[in-house]
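Please consult the sequence and the structure shown below while reading.

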Amino acid sequence: QTLHLAGTKPERALGWWFPQSAKGLVGERVERTGSWRNAAKNGSEAPISRPWLSLILSHGTDPTDASYQYVILPGISADKLKSFAAKPTIEILACTPQVQAVRDKANGIEGYIFFEPGTLGSITADQPCVVVMRESKDGLALAVSDPTHKLKNVSLTLKSQPTGKMVAEDGVKIATDTPLRI
């Protein structure tokens, strides 16, 4: 259920944990060449060659409703990865075509990717968006992103009332506080 890749330094190591199964996982390490221009309009066109690792989780031919789940753990040693897999602190909340979400129980952080408007648990999004939230004794920290950079507004509704002070950054409006609508 795990895969560990040692880095050139301990902090560059990577661990993968597969909550369901890693059956069919194939790895390939090859030299690839590209340029920063491939990633950004103003990037350098100078070619760069580096070794790359590709991981492919085969679902077989013509799969129906196939899915997979994995957690990437940067900077983790092989021993700590093994310990994590034995007692994981990450909980998969949803893994559907509409929404993917996880909870990091150790740090009290939840992350959501809404591919369409919808509700999961206590959060409703009116647009596709990415949401990360952390509730603590100091209040609710909430980050919302539109990876498409096309939306003018995103509205979120939280069924639960956070504790502590509510402060909004520039461009964020708290519309109501019960239920919390941002």
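S7 and S8 form a hairpin with four residues between them, and Gly108 in the turn has a positive phi of about 70 degrees. The model is predicted: local features need pLDDT of at least 70, side-chain atom pairs count only at pLDDT 80 or more, and totals for chains, interfaces and linings use all residues. Residues are numbered from 1 along each chain as its sequence is written, and side-chain values use heavy atoms, with hydrogens and water left out.

**Strand pairing**
- Strand S7 (residues 99-104) pairs with strand S8 (residues 109-114) in the antiparallel sense over six bridges; two strands pair if DSSP finds at least two bridges between them.
- Within this pair, Ala101 stands opposite Tyr112 in S8.
- S8 also pairs with strand S11 (residues 129-136), in the antiparallel sense and over six bridges.
- In S11, Val131 is the bridge partner of Tyr112.

**The whole chain**
- The chain has one helix and 15 strands, where helices (H or I, at least four residues) and strands (E, at least two) are DSSP runs numbered from the N terminus.
- The C-alpha atoms fill a box of roughly 55 × 45 × 40 Å, taken along the principal axes.
- Among contacts (heavy atoms within 4.5 Å) between residues at least 6 apart in sequence, 40% join residues at least 24 apart.

**Surface**
- The chain exposes about 12800 Å² (Shrake-Rupley method, 1.4 Å probe), and carbon and sulfur atoms supply 53% of this area.
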